[in-house]
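The structure is shown first, and the points follow by topic.

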Amino acid sequence: MKHKSKLPIVGTNIFTEMSALAKKHNAINLSQGFPNYPSPQKLNDLVNHAMNNGYNQYAPMAGNLDLRLAIANKYKLLYNKAYDPEKEITVSAGATQAIYTIISTFIRTNDEVIIFMPAYDCYEPAVKVNGGKTIPIQLSAPDYKVNWEEVASKISSKTKMIIINSPHNPSGTIWQKDDMLELQKITKDTDIIVLSDEVYEHIIFDGEQHQSACLFEDLKKRSFITASFGKTFHNTGWKIGYCCAPDYLMDEFRKVHQFNVFSVHHPSQKGIADYMLDPETYLGLNSFFQQKRDLFLNLISESRFKFKPSKGAYFQVLDYSDITDENDVDFAKRLIKTFGIASIPLSVLSHKDKDDQVLRFCFAKTEDTLKAAADILNKI
Ligand SMILES: Cc1ncc(COP(=O)(O)O)c(C=O)c1O
(Lines give C-alpha, C1' and ligand atoms only; values in the text may rest on other atoms or scores of the structure.)
Protein backbone atom coordinates (compact mmCIF):
# COMPACT_ATOMS: atom_id res chain seq x y z
CA MET A 1 0.00 0.00 0.00
CA LYS A 2 1.18 3.51 -0.74
CA HIS A 3 0.19 6.57 1.26
CA LYS A 4 0.98 10.13 0.33
CA SER A 5 2.86 11.75 3.21
CA LYS A 6 1.22 14.76 4.81
CA LEU A 7 4.68 16.06 5.67
CA PRO A 8 6.89 14.88 2.81
CA ILE A 9 9.88 17.09 3.58
CA VAL A 10 9.99 16.49 7.32
CA GLY A 11 12.70 14.10 8.50
CA THR A 12 14.26 13.56 11.91
CA ASN A 13 14.48 16.92 13.64
CA ILE A 14 17.79 18.71 14.10
CA PHE A 15 17.76 18.28 17.88
CA THR A 16 17.57 14.49 17.59
CA GLU A 17 20.16 14.46 14.81
CA MET A 18 22.69 16.56 16.71
CA SER A 19 22.20 14.64 19.95
CA ALA A 20 22.68 11.32 18.16
CA LEU A 21 25.89 12.61 16.58
CA ALA A 22 27.05 13.97 19.96
CA LYS A 23 26.48 10.55 21.52
CA LYS A 24 28.35 8.77 18.75
CA HIS A 25 31.38 11.03 19.15
CA ASN A 26 31.13 11.29 22.93
CA ALA A 27 30.79 15.08 22.61
CA ILE A 28 29.61 17.56 25.23
CA ASN A 29 26.00 18.14 24.29
CA LEU A 30 24.94 21.79 24.41
CA SER A 31 22.59 21.22 21.49
CA GLN A 32 19.30 20.10 23.01
CA GLY A 33 17.42 22.48 25.29
CA PHE A 34 17.31 20.63 28.56
CA PRO A 35 19.21 20.65 31.88
CA ASN A 36 21.81 18.01 32.80
CA TYR A 37 21.05 18.27 36.51
CA PRO A 38 18.16 16.84 38.55
CA SER A 39 14.60 18.04 38.99
CA PRO A 40 14.20 19.72 42.43
CA GLN A 41 14.04 17.15 45.24
CA LYS A 42 11.12 18.90 46.94
CA LEU A 43 9.07 18.75 43.76
CA ASN A 44 9.93 15.07 43.22
CA ASP A 45 8.81 14.37 46.80
CA LEU A 46 5.51 16.20 46.26
CA VAL A 47 4.81 14.20 43.09
CA ASN A 48 5.65 10.97 44.94
CA HIS A 49 3.39 12.05 47.76
CA ALA A 50 0.54 12.65 45.30
CA MET A 51 1.13 9.19 43.81
CA ASN A 52 0.89 7.61 47.23
CA ASN A 53 -2.16 9.59 48.24
CA GLY A 54 -4.87 8.99 45.71
CA TYR A 55 -3.87 10.88 42.56
CA ASN A 56 -3.50 7.90 40.24
CA GLN A 57 -6.73 8.11 38.24
CA TYR A 58 -7.68 10.49 35.44
CA ALA A 59 -7.33 14.15 36.21
CA PRO A 60 -10.22 16.38 35.13
CA MET A 61 -10.03 17.06 31.39
CA ALA A 62 -8.97 20.69 31.91
CA GLY A 63 -6.37 19.71 34.51
CA ASN A 64 -6.12 19.26 38.27
CA LEU A 65 -8.01 22.16 39.83
CA ASP A 66 -5.29 22.96 42.38
CA LEU A 67 -2.86 23.36 39.51
CA ARG A 68 -5.23 25.59 37.54
CA LEU A 69 -5.69 27.70 40.67
CA ALA A 70 -1.91 27.93 41.13
CA ILE A 71 -1.55 29.06 37.50
CA ALA A 72 -4.30 31.65 37.88
CA ASN A 73 -2.59 32.95 41.05
CA LYS A 74 0.66 33.30 39.17
CA TYR A 75 -0.94 35.51 36.50
CA LYS A 76 -2.49 37.63 39.22
CA LEU A 77 0.79 37.94 41.12
CA LEU A 78 3.09 38.63 38.16
CA TYR A 79 0.87 40.53 35.75
CA ASN A 80 -2.20 41.47 37.80
CA LYS A 81 -4.33 39.69 35.18
CA ALA A 82 -7.25 37.35 35.69
CA TYR A 83 -7.68 33.95 34.06
CA ASP A 84 -10.66 31.92 35.25
CA PRO A 85 -9.29 28.50 36.32
CA GLU A 86 -12.62 26.85 35.41
CA LYS A 87 -12.88 28.20 31.89
CA GLU A 88 -9.65 29.79 30.74
CA ILE A 89 -6.76 27.51 31.76
CA THR A 90 -6.08 23.98 30.47
CA VAL A 91 -3.20 21.71 31.46
CA SER A 92 -1.49 19.96 28.54
CA ALA A 93 1.14 17.33 27.77
CA GLY A 94 3.91 19.90 27.54
CA ALA A 95 3.66 23.14 25.61
CA THR A 96 4.06 21.18 22.36
CA GLN A 97 0.69 19.47 22.74
CA ALA A 98 -1.02 22.75 23.62
CA ILE A 99 0.53 24.35 20.53
CA TYR A 100 -0.49 21.48 18.27
CA THR A 101 -4.02 21.43 19.64
CA ILE A 102 -4.44 25.21 19.32
CA ILE A 103 -3.34 25.02 15.69
CA SER A 104 -5.53 22.03 14.85
CA THR A 105 -8.53 23.61 16.59
CA PHE A 106 -8.47 26.73 14.43
CA ILE A 107 -6.48 26.18 11.23
CA ARG A 108 -8.33 25.01 8.14
CA THR A 109 -7.25 24.43 4.55
CA ASN A 110 -5.54 27.51 3.07
CA ASP A 111 -5.57 29.51 6.29
CA GLU A 112 -2.38 31.50 6.71
CA VAL A 113 -0.24 31.56 9.84
CA ILE A 114 2.53 34.13 10.25
CA ILE A 115 5.63 32.79 11.96
CA PHE A 116 8.91 34.53 12.77
CA MET A 117 12.02 32.60 11.82
CA PRO A 118 14.34 31.18 13.02
CA ALA A 119 11.63 29.39 14.97
CA TYR A 120 11.19 26.47 17.30
CA ASP A 121 10.49 23.60 14.98
CA CYS A 122 7.00 22.43 16.00
CA TYR A 123 4.99 25.33 14.60
CA GLU A 124 5.32 24.83 10.87
CA PRO A 125 4.55 21.08 10.64
CA ALA A 126 1.48 21.54 12.84
CA VAL A 127 0.15 24.22 10.49
CA LYS A 128 0.88 22.11 7.40
CA VAL A 129 -0.63 18.89 8.70
CA ASN A 130 -3.85 20.82 9.28
CA GLY A 131 -3.90 22.15 5.72
CA GLY A 132 -2.69 25.67 6.53
CA LYS A 133 0.13 27.66 5.07
CA THR A 134 2.90 29.36 7.04
CA ILE A 135 3.93 32.87 6.04
CA PRO A 136 7.52 33.19 7.26
CA ILE A 137 9.10 36.42 8.40
CA GLN A 138 12.81 35.90 8.62
CA LEU A 139 14.71 37.79 11.33
CA SER A 140 18.46 38.39 11.18
CA ALA A 141 21.41 38.10 13.54
CA PRO A 142 22.53 39.65 15.80
CA ASP A 143 19.40 41.44 17.06
CA TYR A 144 16.57 39.49 15.39
CA LYS A 145 14.52 42.70 15.35
CA VAL A 146 11.06 42.66 13.79
CA ASN A 147 10.26 45.06 10.97
CA TRP A 148 6.61 45.76 11.75
CA GLU A 149 5.91 47.28 8.35
CA GLU A 150 6.92 43.96 6.82
CA VAL A 151 4.58 42.13 9.19
CA ALA A 152 1.70 44.47 8.33
CA SER A 153 2.35 43.86 4.62
CA LYS A 154 1.99 40.07 5.12
CA ILE A 155 -1.41 40.28 6.77
CA SER A 156 -4.36 39.48 4.52
CA SER A 157 -7.93 38.24 4.79
CA LYS A 158 -6.45 34.72 4.91
CA THR A 159 -4.36 35.40 8.04
CA LYS A 160 -5.84 33.30 10.80
CA MET A 161 -3.04 33.25 13.33
CA ILE A 162 0.27 34.83 14.30
CA ILE A 163 2.71 32.79 16.38
CA ILE A 164 5.16 34.67 18.57
CA ASN A 165 7.82 33.50 21.03
CA SER A 166 9.58 35.64 23.62
CA PRO A 167 12.02 34.96 25.25
CA HIS A 168 13.06 33.45 21.99
CA ASN A 169 14.35 30.03 21.13
CA PRO A 170 16.83 29.88 19.42
CA SER A 171 18.23 33.45 19.48
CA GLY A 172 17.98 34.30 23.21
CA THR A 173 16.45 37.69 22.32
CA ILE A 174 13.30 39.15 23.86
CA TRP A 175 10.50 41.33 22.57
CA GLN A 176 10.09 44.76 24.12
CA LYS A 177 6.87 46.51 25.04
CA ASP A 178 6.98 48.40 21.72
CA ASP A 179 6.89 45.13 19.80
CA MET A 180 3.81 44.00 21.67
CA LEU A 181 2.14 47.37 21.09
CA GLU A 182 2.86 47.07 17.35
CA LEU A 183 1.40 43.58 17.34
CA GLN A 184 -1.64 44.86 19.19
CA LYS A 185 -2.03 47.68 16.68
CA ILE A 186 -1.84 45.56 13.54
CA THR A 187 -4.20 42.90 14.84
CA LYS A 188 -6.78 45.36 16.15
CA ASP A 189 -10.19 45.04 14.45
CA THR A 190 -9.21 41.69 12.93
CA ASP A 191 -10.17 38.12 13.91
CA ILE A 192 -6.55 37.02 14.06
CA ILE A 193 -5.64 34.66 16.90
CA VAL A 194 -2.26 35.19 18.53
CA LEU A 195 -0.41 32.15 19.83
CA SER A 196 2.13 33.50 22.28
CA ASP A 197 4.64 30.79 23.15
CA GLU A 198 5.94 31.92 26.55
CA VAL A 199 7.70 28.77 27.73
CA TYR A 200 10.75 30.81 28.82
CA GLU A 201 8.72 33.45 30.64
CA HIS A 202 10.67 32.95 33.89
CA ILE A 203 14.10 32.99 32.25
CA ILE A 204 14.83 36.64 31.46
CA PHE A 205 17.99 38.56 32.32
CA ASP A 206 19.48 41.92 33.26
CA GLY A 207 16.34 43.12 35.04
CA GLU A 208 14.21 43.04 31.85
CA GLN A 209 10.47 42.45 32.20
CA HIS A 210 8.73 39.66 30.33
CA GLN A 211 6.16 41.22 28.00
CA SER A 212 3.42 38.62 28.26
CA ALA A 213 0.58 38.88 25.75
CA CYS A 214 -1.79 39.02 28.72
CA LEU A 215 -0.47 42.47 29.67
CA PHE A 216 -2.01 44.09 26.57
CA GLU A 217 -5.77 44.25 26.82
CA ASP A 218 -6.61 43.80 23.16
CA LEU A 219 -3.97 41.07 22.73
CA LYS A 220 -5.22 39.19 25.78
CA LYS A 221 -8.66 38.98 24.14
CA ARG A 222 -7.26 37.19 21.09
CA SER A 223 -4.34 35.22 22.54
CA PHE A 224 -3.46 31.78 23.67
CA ILE A 225 -0.46 31.77 25.98
CA THR A 226 1.44 28.48 26.12
CA ALA A 227 3.79 27.48 28.93
CA SER A 228 5.95 24.54 29.98
CA PHE A 229 6.65 23.28 33.49
CA GLY A 230 9.46 21.18 32.02
CA LYS A 231 11.34 24.40 31.20
CA THR A 232 10.45 26.11 34.48
CA PHE A 233 11.12 23.24 36.88
CA HIS A 234 14.05 21.52 35.12
CA ASN A 235 12.21 18.32 34.15
CA THR A 236 11.46 18.41 30.43
CA GLY A 237 10.87 14.64 30.51
CA TRP A 238 7.67 15.05 32.50
CA LYS A 239 5.98 16.84 29.62
CA ILE A 240 3.51 18.95 31.59
CA GLY A 241 2.51 22.39 30.34
CA TYR A 242 -0.61 24.48 29.98
CA CYS A 243 -2.33 27.17 28.00
CA CYS A 244 -4.50 30.16 28.93
CA ALA A 245 -7.00 31.97 26.73
CA PRO A 246 -10.34 33.77 26.97
CA ASP A 247 -13.23 31.33 27.38
CA TYR A 248 -14.59 31.69 23.82
CA LEU A 249 -11.26 30.41 22.49
CA MET A 250 -10.67 27.88 25.28
CA ASP A 251 -14.14 26.32 24.71
CA GLU A 252 -13.08 25.37 21.18
CA PHE A 253 -9.63 24.22 22.32
CA ARG A 254 -11.14 21.85 24.86
CA LYS A 255 -13.42 20.25 22.24
CA VAL A 256 -10.29 19.01 20.49
CA HIS A 257 -8.14 18.50 23.59
CA GLN A 258 -10.61 16.08 25.19
CA PHE A 259 -10.42 13.70 22.24
CA ASN A 260 -6.69 14.10 21.82
CA VAL A 261 -5.06 13.44 25.22
CA PHE A 262 -8.15 14.01 27.40
CA SER A 263 -5.97 14.67 30.46
CA VAL A 264 -2.33 14.39 31.50
CA HIS A 265 -0.29 12.74 34.27
CA HIS A 266 -2.25 13.43 37.44
CA PRO A 267 0.35 13.02 40.25
CA SER A 268 2.73 15.42 38.46
CA GLN A 269 -0.02 18.01 38.23
CA LYS A 270 -0.83 17.78 41.92
CA GLY A 271 2.87 17.84 42.88
CA ILE A 272 3.51 20.92 40.72
CA ALA A 273 0.44 22.66 42.19
CA ASP A 274 1.77 22.16 45.72
CA TYR A 275 5.29 23.19 44.73
CA MET A 276 4.03 26.44 43.16
CA LEU A 277 2.48 27.54 46.43
CA ASP A 278 5.88 29.15 46.99
CA PRO A 279 6.36 31.71 44.15
CA GLU A 280 10.14 31.63 44.73
CA THR A 281 10.13 28.29 42.90
CA TYR A 282 9.67 30.19 39.65
CA LEU A 283 10.76 33.73 40.57
CA GLY A 284 14.27 32.51 41.44
CA LEU A 285 14.88 31.25 37.93
CA ASN A 286 16.11 34.50 36.42
CA SER A 287 19.12 34.79 38.68
CA PHE A 288 19.76 31.03 38.59
CA PHE A 289 20.12 31.08 34.81
CA GLN A 290 21.74 34.52 34.61
CA GLN A 291 24.61 33.12 36.71
CA LYS A 292 24.99 30.27 34.24
CA ARG A 293 24.91 32.65 31.27
CA ASP A 294 27.51 34.94 32.89
CA LEU A 295 29.77 32.05 33.82
CA PHE A 296 29.64 30.67 30.28
CA LEU A 297 30.25 34.05 28.63
CA ASN A 298 33.10 34.96 30.99
CA LEU A 299 34.77 31.67 30.29
CA ILE A 300 34.63 32.15 26.50
CA SER A 301 35.32 35.89 26.45
CA GLU A 302 38.80 35.32 24.95
CA SER A 303 37.59 32.85 22.30
CA ARG A 304 37.26 33.69 18.62
CA PHE A 305 33.44 33.50 18.81
CA LYS A 306 31.52 36.80 18.81
CA PHE A 307 28.34 37.28 20.81
CA LYS A 308 25.78 39.58 22.35
CA PRO A 309 24.73 38.26 25.77
CA SER A 310 21.47 36.34 25.68
CA LYS A 311 18.55 38.32 27.12
CA GLY A 312 16.35 35.35 27.89
CA ALA A 313 15.72 31.60 27.53
CA TYR A 314 18.68 29.36 28.29
CA PHE A 315 20.39 29.71 24.94
CA GLN A 316 23.40 31.69 23.79
CA VAL A 317 24.07 32.17 20.09
CA LEU A 318 27.71 32.46 19.02
CA ASP A 319 28.85 34.00 15.74
CA TYR A 320 31.76 32.05 14.23
CA SER A 321 32.34 34.20 11.15
CA ASP A 322 35.89 35.12 12.33
CA ILE A 323 36.80 31.44 12.41
CA THR A 324 35.66 29.95 9.10
CA ASP A 325 33.51 30.46 5.97
CA GLU A 326 31.91 27.04 6.36
CA ASN A 327 28.12 26.88 6.41
CA ASP A 328 26.64 26.45 9.86
CA VAL A 329 25.53 22.83 9.46
CA ASP A 330 28.96 21.70 8.27
CA PHE A 331 30.69 23.67 11.01
CA ALA A 332 28.34 22.34 13.73
CA LYS A 333 29.04 18.78 12.56
CA ARG A 334 32.79 19.41 12.48
CA LEU A 335 32.62 20.80 16.03
CA ILE A 336 31.11 17.51 17.17
CA LYS A 337 33.39 15.19 15.24
CA THR A 338 36.70 17.05 15.63
CA PHE A 339 36.35 19.05 18.84
CA GLY A 340 33.71 17.11 20.81
CA ILE A 341 31.06 19.77 21.34
CA ALA A 342 27.47 19.82 20.01
CA SER A 343 25.34 22.88 19.17
CA ILE A 344 22.42 23.75 16.89
CA PRO A 345 22.99 25.53 13.55
CA LEU A 346 20.36 28.26 13.19
CA SER A 347 19.88 27.82 9.44
CA VAL A 348 17.85 24.66 10.00
CA LEU A 349 15.29 26.70 11.96
CA SER A 350 15.27 29.50 9.36
CA HIS A 351 13.43 30.30 6.15
CA LYS A 352 15.16 28.84 3.09
CA ASP A 353 18.06 27.80 5.35
CA LYS A 354 19.22 31.41 5.83
CA ASP A 355 22.70 31.11 7.29
CA ASP A 356 24.03 33.99 9.47
CA GLN A 357 26.96 31.82 10.66
CA VAL A 358 25.66 31.44 14.18
CA LEU A 359 25.26 28.40 16.41
CA ARG A 360 23.02 27.96 19.43
CA PHE A 361 24.46 26.65 22.71
CA CYS A 362 22.26 25.64 25.67
CA PHE A 363 23.67 26.78 29.02
CA ALA A 364 21.18 24.94 31.24
CA LYS A 365 24.09 22.78 32.33
CA THR A 366 26.20 22.18 35.44
CA GLU A 367 29.23 24.39 36.09
CA ASP A 368 31.56 21.49 35.26
CA THR A 369 29.92 20.96 31.88
CA LEU A 370 30.02 24.68 31.07
CA LYS A 371 33.72 24.81 32.00
CA ALA A 372 34.53 21.76 29.89
CA ALA A 373 32.56 23.26 26.98
CA ALA A 374 34.36 26.59 27.32
CA ASP A 375 37.77 24.85 27.32
CA ILE A 376 36.90 23.39 23.94
CA LEU A 377 35.44 26.61 22.49
CA ASN A 378 38.55 28.54 23.53
CA LYS A 379 40.73 26.19 21.46
CA ILE A 380 38.76 26.59 18.23
C1 LIG B 1 10.00 27.84 22.20
C2 LIG B 1 9.57 26.50 22.68
N3 LIG B 1 8.26 26.20 22.70
C4 LIG B 1 7.82 25.02 23.13
C5 LIG B 1 8.68 24.04 23.57
C6 LIG B 1 8.15 22.72 24.01
O7 LIG B 1 7.89 22.65 25.38
P8 LIG B 1 7.47 21.26 26.05
O9 LIG B 1 8.71 20.47 26.27
O10 LIG B 1 6.78 21.64 27.31
O11 LIG B 1 6.55 20.57 25.09
C12 LIG B 1 10.06 24.29 23.55
C13 LIG B 1 11.02 23.24 23.95
O14 LIG B 1 12.21 23.30 23.65
C15 LIG B 1 10.50 25.56 23.11
O16 LIG B 1 11.81 25.86 23.08
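Helix 3 passes helix 11 in a left-handed crossing, whereas helix 2 passes helix 11 in a right-handed crossing. The model is a predicted one.

**Helix 3 with helix 11**

- Helix 3 spans residues 65–79 and helix 11 spans residues 266–275; the two pack at an angle of about 40 degrees, with their axes 8 Å apart.
- Helix 3 is therefore oblique to helix 11.
- From helix 3, Asp66, Leu67 and Ala70 take part in the contact, and they meet Gln269, Lys270, Ile272 and Ala273 of helix 11.
- By residue class, this contact of helix 3 with helix 11 has 4 nonpolar, 1 polar and 2 charged residues.

**Helix 2 with helix 11**

- Helix 2, residues 41–51, crosses helix 11 at roughly 130 degrees, and the two axes come within 8 Å.
- That angle makes helix 2 oblique to helix 11.
- On the helix 2 side the contact is made by Lys42, Leu43, Leu46, Val47, Ala50 and Met51.
- On the helix 11 side it is made by Pro267, Ser268, Lys270, Gly271, Ile272, Asp274 and Tyr275.
- The contact of helix 2 with helix 11 divides into 8 nonpolar, 2 polar and 3 charged residues.
- Lys270 and Ile272 of helix 11 are listed in the contact with helix 3 and also in the contact with helix 2.

**Nonpolar cores**

- In soluble globular proteins, nonpolar side chains tend to be buried together.
- The largest nonpolar core here has 69 residues, and Met161 and Phe224 have the most contacts inside it.
- Helix 4, residues 94–106, gives the most to this core, with 6 residues.
- Leaving out residues up to four places away in sequence, Met161 touches Ile102, Ile103, Phe106, Ile107, Glu112, Val113, Ile114, Ile192, Ile193 and Leu195.

**Ala62**

- Ala62 lies in the loop between helix 2 and helix 3.
- Its relative accessibility is 9%, so Ala62 counts as buried, the cut-off being under 20%.
- Ala62 touches Arg68, Ile89, Thr90, Val91 and Arg254, again not counting residues up to four places away in sequence.
- Between Ala62 and Pro136 there are 32 Å in space, C-alpha to C-alpha, and the two are 74 residues apart in sequence.

How values were computed
Residues are numbered from 1 along each chain as its sequence is written. This is a predicted model: local features need pLDDT of at least 70, side-chain atom pairs count only at pLDDT 80 or more; totals for chains, interfaces and linings use all residues. Side-chain values use heavy atoms; hydrogens and water are left out. A nonpolar core is a set of buried Ala, Val, Leu, Ile, Met, Phe, Trp, Tyr and Cys residues joined through side-chain atoms within 4.5 Å. Buried means under 20% relative accessible area, exposed over 50%, partly exposed in between (1.4 Å probe, protein chains only). Helices (H or I, at least four residues) and strands (E, at least two) are DSSP runs, numbered from the N terminus. Contact means heavy atoms within 4.5 Å. Axes are lines fitted to C-alpha atoms, for helices over the stretch in contact, and angles run from 0 to 180 degrees between N-to-C directions. Angles under 35 degrees count as roughly parallel, over 145 as roughly antiparallel, 65 to 115 as roughly perpendicular and the rest as oblique. A crossing is left-handed if the near helix is turned anticlockwise from the far one by less than a right angle, and right-handed if clockwise. Ala, Val, Leu, Ile, Met, Phe, Trp, Tyr, Cys and Pro count as nonpolar, Asp, Glu, Lys and Arg as charged, and the others, Gly among them, as polar.
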